[in-house]
Amino acid sequence: MGNTIIPLGEGADESASRWMKAAGIAIDSEHNHKVANAKDIDRRTYTSRQHQDYLKPEEVLECEKFRIQDTYGMSVTPELVEQDDGGQLIKKIVALEAILAAPGEMVTDDQGREFIPPPAIVVERDKSERERLAICTDWSNHSTAWLMRHRLGLRAVLMDLIAGVEIKGDEAMIQVLAEFSKQLPR
């Protein structure tokens, strides 16, 4: 297949490191172009392929192109494939949308404890995932992720940034957020 084994010892070989980095960039670029130039498929084909154990390399590229096109609603370019980063971009956009959404009204339980429910958009994501994956119990729990971000105070920070407030990192709010985040279990 044309593979070359590069022995690495205790010391760092700068030329090998540069070569490996250049090779990685070339491979990523080639992948992005192949996805962008893959054949278009329809939802039915995509769905049926999701249940197959093995896909040919060109089928994998076609499925990735369909997923990106379906997710962002635009034509797929190598730049969009790179930005998508295997679906990570849309996850970040959805998390940002969730944290920017206004939380629900405070709820008090029978014992007098107060809870802040997540926004409707987060609740709906959890419900739809549970309905879609009814037999599976390993759900994403978007509400839990939202609650942790809310307790950290990320919404307040983001709202300040959107309002044009310049944040340098030495503000009291940021210091409190950093201290609180250190107390959380890892």
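This is a predicted model: local features need pLDDT of at least 70, side-chain atom pairs count only at pLDDT 80 or more; totals for chains, interfaces and linings use all residues.

1. How many salt bridges does a search of the whole structure find? The search finds seven, and I pick out some of them in the next points.

2. Have a look at R43 and D70, which form a salt bridge with their closest N and O atoms 2.6 Å apart. The pair links distant parts of the chain: R43 belongs to helix α2 (residues 43–50) and D70 to helix α3 (residues 57–72), 27 residues apart. R43 counts as partly exposed because its relative accessibility is 45%. D70 is also partly exposed, at 41% relative accessibility.

3. Helix α3 takes part in another link, this time through R67. The side chains of R67 and D84 meet in a salt bridge, at 2.5 Å from N to O. R67 lies in helix α3 and D84 in helix α4, so this pair ties together parts that are 17 residues apart in sequence. Is D84 buried or exposed? D84 is buried, with a relative accessible area of 0%, while R67 is partly exposed at 21%. The cut-off matters for R67: buried means under 20% relative accessible area, so a residue at 21% counts as partly exposed.

4. The salt bridge between D126 and R130 has its closest N and O atoms 3.7 Å apart. Both residues sit in helix α6 (residues 120–132), and because they are four residues apart there, about one helical turn separates them. D126 counts as buried at 8% relative accessibility, whereas R130 is partly exposed with a relative accessible area of 28%.

5. H142 has a relative accessible area of 17%, so it counts as buried.

6. Moving to the surface, there is a patch of negative charge where D28, E79, E82 and D85 gather. One of these residues, D85, is placed in the loop between α4 (78–84) and α5 (88–100). D85 counts as partly exposed because its relative accessibility is 48%.

7. The surface also carries a nonpolar patch, formed by I6, W19 and M20, with about 310 Å² of accessible area together. I6 is found in the segment before α1 (14–36). With a relative accessible area of 31%, I6 is partly exposed.

8. Finally, please look at M74, in the loop between α3 and α4. M74 counts as partly exposed, at 45% relative accessibility. Setting aside residues up to four places away in sequence, M74 touches Q69 and L80.

How values were computed. Residues are numbered from 1 along each chain as its sequence is written. Side-chain values use heavy atoms; hydrogens and water are left out. Patches are made of residues with over 30% relative accessible area and no salt bridge: like charges are joined within 9 Å, nonpolar side chains (Val, Leu, Ile, Met, Phe, Trp, Tyr) within 5 Å. Accessible areas come from the Shrake-Rupley method with a 1.4 Å probe; for residues, only the protein chains shown count as cover. A salt bridge is a side-chain nitrogen of Lys or Arg within 4 Å of a carboxyl oxygen of Asp or Glu. Lys and Arg count as positive and Asp and Glu as negative; His and the chain ends are not counted. The place of a charge is taken as NZ of Lys, CZ of Arg, CG of Asp or CD of Glu. Helices (H or I, at least four residues) and strands (E, at least two) are DSSP runs, numbered from the N terminus. Buried means under 20% relative accessible area, exposed over 50%, partly exposed in between (1.4 Å probe, protein chains only). Contact means heavy atoms within 4.5 Å.
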